[in-house]
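Dear colleague,

Please find below the structure that I am handing over to you.

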Amino acid sequence: MYGLREALYASMQAPTWALGINLLQAVTYVPFWLGAVAYASELAPYELKSTSQGLLFMVMNLANVLGSLVSGLLFDQFGARGLYSVLAAACFAAFALFSFGQARLRRPERLAAGEG
């Protein structure tokens, strides 16, 4: 959904479109954070669940700082349309990479169960 929102920003014809497109933030932000916290908790041993969520928060804040710097550089180089196109491509690439990794991680479980 983040990738879709960024692609819509890249293709908007008038600044007023941003108001409607930004409504997608409600659909993207909450599921992202719920999923990220649940995934960090799932990966961590019981005694380190709080620590893993703290590390997630720290990494996300570091990504915000670095992302602002990189976004500013991209905006200066390519303008708003180029910036949002790069962000959309990065979101779709990250989703593909994550999906591929998840499928690869689950493959040994299926093989052990005799499914393929």
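The notes below begin with the whole protein and then turn to single residues.

This is a predicted model, in which local features need pLDDT of at least 70 and side-chain atom pairs count only at pLDDT 80 or more, while totals for chains, interfaces and linings use all residues. Residues are numbered from 1 along each chain as its sequence is written, and side-chain values use heavy atoms, with hydrogens and water left out.

**The protein as a whole**

The protein contains four helices and zero strands, so that its pattern along the sequence reads α-α-α-α. Helices (H or I, at least four residues) and strands (E, at least two) are DSSP runs, numbered from the N terminus.

The radius of gyration is 18 Å, whereas a compact globule of 116 residues would have a value near 13 Å. This radius is taken over C-alpha atoms, and the globule rule is 2.2 Å times the number of residues to the power 0.38. The C-alpha trace spans about 55 × 35 × 25 Å along the principal axes.

The accessible surface comes to about 8500 Å², and 71% of this surface belongs to carbon and sulfur atoms. Accessible areas come from the Shrake-Rupley method with a 1.4 Å probe; for residues, only the protein chains shown count as cover. Of the 116 residues, 17% are buried. Buried means under 20% relative accessible area, exposed means over 50%, and partly exposed lies in between (1.4 Å probe, protein chains only).

Contact means heavy atoms within 4.5 Å. Among contacts between residues at least 6 apart in sequence, 46% join residues at least 24 apart.

**Helix α1**

Which residues are buried in helix α1? In this helix, residues 2-11, they are Gly 3, Arg 5, Glu 6, Tyr 9 and Ala 10. They lie on the same side of α1 because they cover an arc of only 160° around the axis; the arc is that of the directions from the helix axis to the C-beta atoms.

Glu 6 counts as buried because its relative accessibility is 8%. Leaving out residues up to four places away in sequence, Glu 6 touches Tyr 84, Leu 87, Ala 88 and Cys 91.

Arg 5 is likewise buried, with a relative accessible area of 8%. With residues up to four places away not counted, Arg 5 touches Ile 21, Leu 24, Gln 25 and Thr 28. Arg 5 and Leu 24 are 19 residues apart along the chain, and their C-alpha atoms are separated by 6.7 Å.

Apart from neighbours within four places in sequence, Ala 18 is in contact with Tyr 9 and Met 12. Ala 18 and Leu 8 are 10 residues apart in sequence and 8.7 Å apart in space, C-alpha to C-alpha.

Gly 82 lies in helix α4, residues 49-112. At 18% relative accessibility, Gly 82 counts as buried. Gly 82 and Gly 54 are 28 residues apart along the chain, and 33 Å separates their C-alpha atoms.

Yours sincerely,
A colleague
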